[in-house]
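Welcome, and take a moment to get settled. Please have a look at the model below, and then we will walk through it together.

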Amino acid sequence: MPSSPIRHRLSAAGVVAIEGPDRESFLQGQLTQDVRGLAPGASRLAAGLTSKGKVLYFGRLLAEPERFLILLPRDAVEAVRTHLAKYAAFQKVTVRDASEGRLLAALYGPGSAAITAPPGDTRLPAWGELAGEILGSEAGRGALEAALAAAGSIPISDDVAEALRIEAGRPRLGFDATEANLPDEVGLEDALSRTKGCYVGQEIVARRKTYGKPTRRLAGLRFEGAPMPTGTALALPERPDRELARVTSVATSERFGPIGLGIVSYEAADGARLAAAEDSARLAAATDGATALVVPLPFA
């Protein structure tokens, strides 16, 4: 991988647009984040939950003068659009897929602050491994690529981008964060407003904040050998029948070698044999005995 203070990755953007006079009050009751007062051009991380407080979706909420946009993985757009449209039926709100022709530039490295978004594009703040993002359009791809080149930015592959995401511990929708997870289990605390009023799943979130004690969390995995397949169950070597973790993402990092993310029981840190790295625990795959170390996030 080239050594450069600025790198980028271009990809198709997934965008759900929420429009209409009731758009703010509608989203205020749907999203975990406070929607009111979000100025045009500003963005916040937000999530949508089930009535039981489990994660349905999450992404950046971006305000525009006449609408809100939710930025999502492209393959999640239709499910989120359908979900929101169901609840918008009796309000002055329209929900539509606005992904066509939209482009997203992920920015990496401290030097990316020097990149100015071309006119009409929107600069988004840092998140996880991302030093920022630029939401643009296919029609303006030339201007965006010119701005990246002028700043000396170097493109990276999807595989490198995935390794950087895992190193930072940023969850991926549908892999590290699903309807089986509560937001505080998968590192989505920044998507939760602790001051806003009622929204779907809010009662569960508030109850866990006051009385709850997490039993599992998203953690890093350093594989002692080849990366394990996603879905691999992990347990203490001496208790292979008791699952304590499950692999959710894998990659090969140039800095750390074979790594991954997994949903890990807090028992793993307390009951497992400690490895050489402080605060780490060794777990084994039930299928073939391959081992992995549980490590804090981000990787270091």
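A residue is called buried when its relative accessible area is under 20%, exposed when that area is over 50%, and partly exposed in between, using a 1.4 Å probe and protein chains only. E267, for instance, is partly exposed, because its relative accessible area is 39%. Before going on, please note that this is a predicted model, in which local features need pLDDT of at least 70, side-chain atom pairs count only at pLDDT 80 or more, and totals for chains, interfaces and linings use all residues. Residues are numbered from 1 along each chain as its sequence is written, and side-chain values use heavy atoms, with hydrogens and water left out.

Let us begin on the inside. In soluble globular proteins, nonpolar side chains tend to be buried together. A nonpolar core here is a set of buried Ala, Val, Leu, Ile, Met, Phe, Trp, Tyr and Cys residues joined through side-chain atoms within 4.5 Å. The largest such core has 46 residues, and I18, L61 and L84 have the most contacts inside it. Strand 4, residues 55–64, gives the most to this core, with five residues. Helices (H or I, at least four residues) and strands (E, at least two) are DSSP runs, numbered from the N terminus.

What does L61 touch, not counting residues up to four places away in sequence? Its partners include L27, L31, V35, L38, F68, L69 and I70. Contact means heavy atoms within 4.5 Å.

Next, turn to helix 2, residues 77–87, where V77, V80, H83 and L84 are buried. Seen down the axis of helix 2, these buried residues fall within an arc of 135°, so they line one face of the helix. The arc is that of the directions from the helix axis to the C-beta atoms. On the face turned away from the buried side of helix 2 are the exposed residues A79 and K86. The cover over the buried residues of helix 2 includes strand 2 (14–19), helix 1 (23–28), strand 4, strand 5 (67–72) and strand 6 (94–97).

Now for the charged side chains. Side chains of opposite charge can pair when their charged atoms come close. A salt bridge is counted when a side-chain nitrogen of Lys or Arg is within 4 Å of a carboxyl oxygen of Asp or Glu, and the structure holds 21 of them. One of these joins the side chains of E19 and R96, at 3.1 Å from N to O. This pair links distant parts of the chain, with E19 in strand 2 and R96 in strand 6, 77 residues apart. E19 and R96 also belong to a network of salt bridges together with E64 and R67.

Another salt bridge, between R207 and E203, spans 2.8 Å from N to O. Both residues lie in helix 5 (residues 202–210), four residues apart, about one turn of the helix. R207 is partly exposed, at 42% relative accessible area, whereas E203 is exposed, at 54%. The side chain of E267 meets that of R242 in a salt bridge of 2.7 Å, N to O. E267 lies in helix 6 (residues 267–271) and R242 in the loop between strand 12 (233–235) and strand 13 (243–253), so the pair ties together parts that are 25 residues apart in sequence.

Finally, look at the aromatic rings. Rings of Phe, Tyr and Trp (its six-membered ring) pair if their centres lie within 6.5 Å; planes under 30 degrees apart count as stacked, over 60 as edge-to-face and the rest as tilted. How many aromatic pairs does a search of the whole structure find? The search finds two. F58 and W127 form an edge-to-face pair, 6.5 Å centre to centre with 85° between the planes. F58 sits in strand 4 and W127 in the loop between strand 8 (122–124) and strand 9 (132–137), 69 residues apart. F58 is buried, with a relative accessible area of 4%. The rings of F256 and F299 have centres 5.7 Å apart and planes at 40°, so this pair is tilted. Both F256 and F299 are buried.
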